[in-house]
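This briefing goes through one structure by topic. Please look at the sequence and the 3D view before reading the points below.

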2 protein chains.
Amino acid sequence: MSVRVFAGSQRVDAMPVDDRGLAYGDGLFETMLVHAGQVSWWDAHWTRLQCGARRLRMVLPGQGQVRSEADALFADGAGGVLKLIVTRGSGGRGYAPADTPANWMLSPHPLPITRSRDRLSLRWCATRLATQPALAGIKHCNRLEQVLARAEWNDPAMADTGADEGLMRSSEGDVVCAIAANLFVLRDGRWLTPKIDRCGVEGICRGQLLALLETHEARLSVADVETADAVFLCNAVRGILGVARLGERTWPSHPAVAQARRLLARIHPGFATDAEIS
Amino acid sequence: MSVRVFAGSQRVDAMPVDDRGLAYGDGLFETMLVHAGQVSWWDAHWTRLQCGARRLRMVLPGQGQVRSEADALFADGAGGVLKLIVTRGSGGRGYAPADTPANWMLSPHPLPITRSRDRLSLRWCATRLATQPALAGIKHCNRLEQVLARAEWNDPAMADTGADEGLMRSSEGDVVCAIAANLFVLRDGRWLTPKIDRCGVEGICRGQLLALLETHEARLSVADVETADAVFLCNAVRGILGVARLGERTWPSHPAVAQARRLLARIHPGFATDAEIS
């Protein structure tokens, strides 16, 4: 499958070499599930992108063009993953942002293979998320913290490198999210998810589940997570992933996680199919 | 002047679309002064790059090839600025870093026009630098904080947008650096510069001046800077820039700044020429 790159509204062969996304990570991205040729939750993804563009004072390309190019990539009705990167555009040397048209790129990817949908194994990452309210919530392209956290798996000195994913804490020690997913924990019959006002990404699937599960946003400690009755991760590509283990702590499958997945499947046909497979 | 791009050791037309620098800012850069065809402080720049690569667990291209390609760009003996970006290379979707050969890019740029070499006007930036010891010191490509700080100039609601540069504080309130330069302040006859262990970049010119001026690395408060006897900024392209104003505070030219510039000119012919011009 082919990648489509644009400078402003013009299709080009490659990202311009003076792209500010490449120079400074000065951009935003969205990773979307495509189910039967349809991009799932398009409006929610575009709304988050707009929110990010306002925060970074960036100009987005026209939604209509991006949408029709995205649809064209999956015109055969297949499923998969669609990644959109939008950068501030081309710029000279220097941090000062100019009012340049965005450079952007659409790339199709295969669906991930989910081995252990309800039996996910987690560890605590040593890498912390720095507190930066100016960037919290939005899906920007400054992702070295996530890269460093994932690189811990390559370090033989690190414990539990057999884990599927890792939980990240803020500089202050609050639990924030997994490396590439948001976190929900069940305590006293109520779903809780970390606040995303200091660091972390406001995930699209998280946003859907806030209302669907009447979730409470809270500061969560390590103990709050480890003593929870049930834990799951979620993101827009994989939906809900039940957690079976976090370090020494193990959880059996919990009916509340199965119920959450049924509720999500009702509003999202892509995850309905997946739930039947698992 | 033309940009040279490489995937591993092979010259290519453009950065690969799946470059991790573009996706995550997963890379490092150096901005170097070229004086009479010679890259200044090459060894110091390469050493910082190696330090960054160790921290990010990234593989660098061979120094010999990078150096000879850099020299070729300035083979006519001209002066200018050379920017090197080295990324972790191409990667699929996902944060997990693979052991891929680096993608890298050399671009020549004109020398900046220094309008007010010894009469720089500064303001305090509202944007803070997040505390992240895992990334402090190295010149990585996650630079949205610097972009946001520089974007404050485009906001009519912000004070003092006529300033030349801005000073940045950490989340804790310590003064760290300017947006694109390091900071030195004179107090009680001694030069001080902020510690770079929590955030900020260990500038190459800063490194030269640490020894040359017997500088003490310290935590500096806003008051420490505002009540200093003299202040200058420095970086590897512009050398030493004397500060005449910071918000309401003004400083006359100080002989210690002139002396610092003379000492720097002695070890660096590029700045000797500049000092004569100024």
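What distance separates the centres of domain 1 of chain A and domain 2 of chain A, taken over C-alpha atoms? The two centres are 25 Å apart. This is a predicted model, in which local features need pLDDT of at least 70 and side-chain atom pairs count only at pLDDT 80 or more, while totals for chains, interfaces and linings use all residues. Residues are numbered from 1 along each chain as its sequence is written, and chains are lettered from A and ligands numbered from 1 in the order in which they are written.

**Domains of chain A**

- Chain A is divided into domain 1 (4-109) and domain 2 (120-277), with bounds that come from an automatic or database domain assignment.
- Domain 1 of chain A places 21 residues in contact with 13 residues of domain 2 of chain A (contact: C-beta atoms, placed from the backbone, within 7 Å).
- On the domain 1 side, strand 3 (27-35), helix 2 (42-56) and strand 5 of chain A each supply at least two residues. Helices (H or I, at least four residues) and strands (E, at least two) are DSSP runs, numbered from the N terminus.
- Strand 3 of chain A gives the most to this side, with 8 residues.
- The domain 1 side divides into 10 nonpolar, 8 polar and 3 charged residues. Ala, Val, Leu, Ile, Met, Phe, Trp, Tyr, Cys and Pro count as nonpolar, Asp, Glu, Lys and Arg as charged, and the others, Gly among them, as polar.

**Chain A and chain B**

- The same surface serves both copies, as 100% of the contact residues of chain A recur in chain B.
- Each chain is represented in the contact, with 45 residues from chain A and 45 residues from chain B.
- Helix 4 of chain A provides the largest share of the side of chain A that touches chain B, 6 residues.
- That side of chain A has 25 nonpolar, 12 polar and 8 charged residues.

**Two helices of chain B**

- Helix 5 (residues 204-212) and helix 7 (residues 255-267) of chain B pack at an angle of about 110 degrees, with their axes 11 Å apart. Axes are lines fitted to C-alpha atoms, for helices over the stretch in contact, and angles run from 0 to 180 degrees between N-to-C directions.
- Helix 5 of chain B is therefore roughly perpendicular to helix 7 of chain B (65 to 115 degrees).
- Helix 5 of chain B makes this contact through B:Gln208, B:Leu209 and B:Leu212, and helix 7 of chain B through B:Ala260, B:Leu263, B:Leu264 and B:Ile267.

Definitions and conventions. Parallel < 35°, antiparallel > 145°, perpendicular 65-115°, else oblique. Contact = placed C-beta atoms within 7 Å.
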